[in-house]
Amino acid sequence: MRYLLGIDLGTTGLKTVLLSADGEVMASAYQVIELSTVEAGKAEQDPEHWWQAVCSTVQEVRARSGVKADQIQGIGLAGQMHGVVLVDDHGRPLHPCITWADARSGS
C-alpha cells in the first residue's frame with residue numbers, strides 16, 4: 001500500500017499526518033514549538049526546534065500506524081507565514097527565525 005505524509009509548521013506547533021493513498025488518516029502527531037518573546041516586539045523561533053519536531057512527529061506517526069518508510073510515496077510541506085532564517089555557507093542558522101509576528105520593523 002502507498003501512503004502520503006503531510007507536515008505543517010504553524011506559529012505555535014508542528015503537525016504531521018500520515019494518510020493512505022485514498023485519504024484515510026492513519027495517524028497524526030503534534031508538537032508544540034515555543035515562540036520566544038523575551039523582549040517587547042520580538043517573536044522568534046529556533047529552526048533546530050522545527051527539525052526536532054519533524055523528526056519526532058514522523059517517527060511517532062510511523063510507530064502508531066506501522067507504516068514503513070519505503071511505503072511513503074510523497075511528502076507535502078506547509079509552513080507558517082513570512083519568516084526570515086539567515087544561514088551561513090553550510091546552511092546552518094545564524095540567528096533564530098524572525099517570525100511573521102515580530103514587530104521590530106514597525107514604527
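**View 1. Charged side chains of the protein chain.** In this predicted model, the protein chain carries 8 positive and 13 negative side chains, and the centres of the two sets lie 6 Å apart. Lys and Arg count as positive and Asp and Glu as negative, while His and the chain ends are not counted; the place of each charge is taken as NZ of Lys, CZ of Arg, CG of Asp or CD of Glu.

**View 2. Order of the helix and strands.** The protein chain has 1 helix and 7 strands, and from the N terminus on these elements run β-β-β-β-α-β-β-β. Helices (H or I, at least four residues) and strands (E, at least two) are DSSP runs, numbered from the N terminus.

**View 3. The largest nonpolar core.** A nonpolar core is a set of buried Ala, Val, Leu, Ile, Met, Phe, Trp, Tyr and Cys residues joined through side-chain atoms within 4.5 Å, where buried means under 20% relative accessible area with a 1.4 Å probe, protein chains only. Of the 17 residues in the largest such core, L5, I7, L14, L18, I33 and V61 touch the most other members. At least two core residues come from each of β1 (3-9), β2 (13-20), β3 (25-32) and α1 (47-65), and α1 gives the most, with 5 residues.

**View 4. The surroundings of L18.** Leaving aside its neighbours within four places in sequence, L18 is in contact (heavy atoms within 4.5 Å) with residues including Y3, L4, L5, V25, M26, V61 and I72.

**Notes on the model.** Residues are numbered from 1 along each chain as its sequence is written, and side-chain values use heavy atoms, with hydrogens and water left out. Local features need pLDDT of at least 70 and side-chain atom pairs count only at pLDDT 80 or more, whereas totals for chains, interfaces and linings use all residues.

Definitions and conventions. Buried means under 20% relative accessible area, exposed over 50%, partly exposed in between (1.4 Å probe, protein chains only).
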